[in-house]
Amino acid sequence: MEGVTLREMDYLKILFDAEEHDYIDLLGPKKIAEKLKVRPPTAVEALKKLHKKGLISYTKKGIRLTRSGKLVVMRYLRRHRILEVFFVKVLGLDPEFVCTNIRGTELFVGDELIDKCCEFLGHPDKCPHGRPIPHSQFCLKKEGEDELWISV
Ligand SMILES: [Zn+2]
Ligand SMILES: [Zn+2]
C-alpha cells in the first residue's frame, strides 16, 4: 500500500487515533516511542521516513498526518474492518481471532475485493468491535450517500 510497511502503519494509526480523540497535541516522538515500545531514536527515524513519504508533516503544534497520510490510514482501516466483518459474519469466527490473524493482509489485499465484500455484507457501518468503517466511492455509488467516504 503506497510503499508503507506494517510498522509504519502503526505510527500512522497512532497519529490518526490521537487526532480522532483530540490528544494529538500531546504526541511527540517520545510519547509515540513509548506507545510502540521502541527507543525514541527509532521513532524519530521512522517519523523522518514518513515525512519523506509525505504522510506526516511537522507543524508548530506538533506532528500531524497529511491528507494522504489520513487517506492511507482510512484505506487500511476499511480493509481491516471489512475483512473482520466478513470472517465474523460469514464464517462465524471470533472477532479477536480474526483481528489478530488478518494483521498484515490489509497492506496487500485489493480494494476491489474489499468493495465486493462490503457490498455482499450490505455496507456495514461498524466493525465487530464497534468502530466505524470508512466507505469507498464504490459504496457511495451504490448507496447514493455522500458523506461517508473519507471527509478529509
Ligand atoms: Zn481489528
Ligand atoms: Zn460499502
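Lys-37 sits in the loop that joins α2 (29-36) to α3 (40-52), where helices (H or I, at least four residues) and strands (E, at least two) are DSSP runs numbered from the N terminus. Although Lys-37 is not a glycine, its phi is positive, at about 55°. Lys-37 counts as exposed because it has 7 C-beta neighbours inside 10 Å; by the convention used here, a residue is buried if 20 or more other C-beta atoms lie within 10 Å of its own, exposed if 12 or fewer, and partly exposed in between, with C-beta atoms placed from the backbone.

This is a predicted model, in which local features need pLDDT of at least 70 and side-chain atom pairs count only at pLDDT 80 or more, whereas totals for chains, interfaces and linings use all residues. Residues are numbered from 1 along each chain as its sequence is written, while chains are lettered from A and ligands numbered from 1 in the order in which they are written. The protein averages a pLDDT of 90, and 91% of the residues score at least 70, pLDDT being the predictor's confidence in each residue, from 0 to 100.

The protein is divided into domain 1 (6-65) and domain 2 (74-143), with bounds that come from an automatic or database domain assignment. The centres of the two domains, taken over C-alpha atoms, are separated by 25 Å.

On either side of the loop that holds Lys-37, the axes of α2 and α3 come within 8 Å and cross at roughly 110°; axes are lines fitted to C-alpha atoms, for helices over the stretch in contact, and angles run from 0 to 180 degrees between N-to-C directions. The two helices, α2 and α3, are therefore roughly perpendicular to each other, since angles of 65 to 115 degrees count as roughly perpendicular, those under 35 as roughly parallel, those over 145 as roughly antiparallel and the rest as oblique. Their contact is made by Pro-29, Lys-30, Ile-32, Ala-33 and Leu-36 of α2 together with Pro-40, Thr-42, Ala-43, Val-44 and Leu-47 of α3, two residues being in contact if their C-beta atoms, placed from the backbone, lie within 7 Å.

From α1 the contact draws on Met-9, Leu-12, Lys-13 and Phe-16, and from α4 on Gly-69, Lys-70, Val-72, Val-73 and Tyr-76.

Phe-86 is also found in helix α4, and with 21 C-beta neighbours inside 10 Å Phe-86 counts as buried. If its neighbours within four places in sequence are left aside, Phe-86 is in contact with Cys-117 and Leu-121. Phe-86 and Glu-112 are 26 residues apart in sequence, and their C-alpha atoms are 15 Å apart in space.

Two further loops complete the tour. Lys-61 has its place in the loop between β1 (56-59) and β2 (62-65), and with 8 C-beta neighbours inside 10 Å Lys-61 counts as exposed. His-123, in the loop between α6 (111-120) and α7 (137-143), has a phi near 50°, a positive value in a residue other than glycine, and is partly exposed, with 19 other C-beta atoms within 10 Å.
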